[in-house]
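User: I'm new to this structure and would like to learn how to read it. Could you walk me through it feature by feature?

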Number of protein chains: 2
Amino acid sequence: MRLLEEKIISEGRVLSDQVLKVDSFLNHQIDPFLMKEIGKEFAARFANEGITKIVTIESSGIAPAVMAGLYLNVPVVFARKRKSLTLTDDLLTASVHSFTKKETNEISISKKYLDEADRVLIIDDFLANGQAALGLVEIVQQSGAMVLGIGIVIEKAFQQGSEKLKERGLRVESLARIASLANGQVQFINENVEELV
Amino acid sequence: MRLLEEKIISEGRVLSDQVLKVDSFLNHQIDPFLMKEIGKEFAARFANEGITKIVTIESSGIAPAVMAGLYLNVPVVFARKRKSLTLTDDLLTASVHSFTKKETNEISISKKYLDEADRVLIIDDFLANGQAALGLVEIVQQSGAMVLGIGIVIEKAFQQGSEKLKERGLRVESLARIASLANGQVQFINENVEELV
């Protein structure tokens, strides 16, 4: 997605060969117009899948997921990273390890908001090792619902997340696929950086 | 806001005289169309304030804030409830006690995304005792930016948050104002429940 790649080139900061920081438009400050275009693009890519619900994870998945939900006309459920005291319902849960944050969280969704009739699109901001996406897949499958696909805003394609998901027969659509962050440069798959700037 | 009040009546669950659960459209599952209408309403109410930035807090503030940002054509920044290991910048911070969750969080925003030229609209999902809103006001004022107003989706008007904010000269706009949750009934201020169902 060209608009997103241009934004990554102009505002992303490469902190290391592994870490791209996009806090100016996705993970801390959010660009609402870009989120709208991202939501529209996800909706277009999954338009024929009969999606009934979008599942994401707090916090950075919420903005792109809600915009996709607006265009697909379906509700969004976000998994929580720890239990709320007022969340008294039965929960679907999975353990997710974050290599970036060096911690394991239990993520959970109330059983009330997913069931076997649902056709689910999972959306998240980043795909790296695939831990968060796999945890969301596990939760959706616990409910008996079907995962129709996984929509990712930025994929670090040099890590293994996408392969792990595709090995399970899951369709993965990433709007920006990063081949490398070496030498402080963002290199996209199928795109030439020079074309974009 | 009538659409919101109707949704609260049809889907909200009164757990006690103090607690209204709206997990089916705001705090866990999210209704994207309702969020769009809420964003539009906030944008209309603050259209003449020259807003340059919206500030909210993860996670449930993000969806209404991003929709308001879309209509006001300004970026949104969400405060984080704990520090991220990749958030290496200087931070603006405040302590916020949650009476619902019985815990105190340090909330923070990077100094990079707020400065003295900003005219800020603060948006949050709930206003009860006002702790989260006051923490956000404190952070915005630390940056030198001006708080032009506070947009709240659901105000529990029988608690003291709104008064505390107005005592500081702040404009508060709540889209649904709840007078009472007594006897398992939601009673709105300036609205007759019977009219709505």
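This is a predicted model: local features need pLDDT of at least 70, side-chain atom pairs count only at pLDDT 80 or more; totals for chains, interfaces and linings use all residues.

User: How many residues of chain A are in contact with chain B?

Analyst: On chain A there are 31, and they are in contact with 31 residues of chain B. On the chain A side, β3, α2 (32–45), α3 and β5 (76–79) each give two or more residues. The largest share is that of α3(A), with five residues. Also, 100% of the interface residues of chain A are interface residues in chain B too, so the copies meet through the same surface.

User: Now the sheets. In what order do the strands of the open sheet with β11(A) come?

Analyst: In general, strands of a sheet pair through backbone hydrogen bonds, either parallel or antiparallel. In this case seven strands line up as β11(A)-β10(A)-β9(A)-β8(A)-β4(A)-β5(A)-β3(B), with mixed pairing. At the edges you find β11 (187–188) of chain A and β3 (29–30) of chain B, each with a single partner strand, so one side of each has no neighbour in the sheet. For a parallel pair, look at β4 (residues 53–57) and β8 (residues 119–127) of chain A, joined by three bridges. K53(A) has V120(A) in β8(A) as its bridge partner.

User: What is the strand order in the open sheet with β3(A)?

Analyst: It reads β3(A)-β5(B)-β4(B)-β8(B)-β9(B)-β10(B)-β11(B), seven strands with mixed pairing. The edge strands are β3 (29–30) of chain A and β11 (187–188) of chain B, each pairing on one side only. Helix α2 (residues 32–45) of chain B packs on this sheet, touching β8 (119–127), β9 (146–156) and β10 of chain B, and its direction makes about 115° with that of β10(B). Another helix, α4 (residues 131–142) of chain B, lies across β4 (53–57), β5 (76–79), β8 and β9 of chain B, at about 165° to β8(B).

User: How many residues lie between β6(A) and β7(A) in their hairpin?

Analyst: Four, and K102(A) in that turn has a positive phi of about 55°. The two strands, β6 (residues 91–98) and β7 (residues 103–110) of chain A, run antiparallel and are joined by eight bridges. One pair to find is T93(A) with its bridge partner S108(A) in β7(A).

User: How do I read a pair of helices?

Analyst: Two packed helices are described by the angle between their axes and the distance between the axes. Take α2(B) and helix α3 (residues 62–72) of chain B: their axes come within 7 Å and cross at roughly 55°. These helices are therefore oblique to each other, and the crossing is right-handed. Among the residues that meet are M35(B), G39(B) and F42(B) in α2(B), and P64(B), A68(B) and Y71(B) in α3(B).

User: Is α3(B) mostly covered or uncovered?

Analyst: Mostly covered: ten of its eleven residues are buried. Among them are I62(B), V66(B) and L70(B). In chain A, A68(A) lies in helix α3 and is buried, with 29 other C-beta atoms within 10 Å. Leaving aside residues up to four places away in sequence, A68(A) touches G39(A), F42(A), A43(A), I54(A), I123(A) and G151(A).

Note on methods
Residues are numbered from 1 along each chain as its sequence is written. Chains are lettered from A and ligands numbered from 1 in the order in which they are written. Two strands pair if DSSP finds at least two bridges between them. Two residues are in contact if their C-beta atoms, placed from the backbone, lie within 7 Å. Axes are lines fitted to C-alpha atoms, for helices over the stretch in contact, and angles run from 0 to 180 degrees between N-to-C directions. A residue is buried if 20 or more other C-beta atoms lie within 10 Å of its own, exposed if 12 or fewer, and partly exposed in between; C-beta atoms are placed from the backbone. Angles under 35 degrees count as roughly parallel, over 145 as roughly antiparallel, 65 to 115 as roughly perpendicular and the rest as oblique. A crossing is left-handed if the near helix is turned anticlockwise from the far one by less than a right angle, and right-handed if clockwise.
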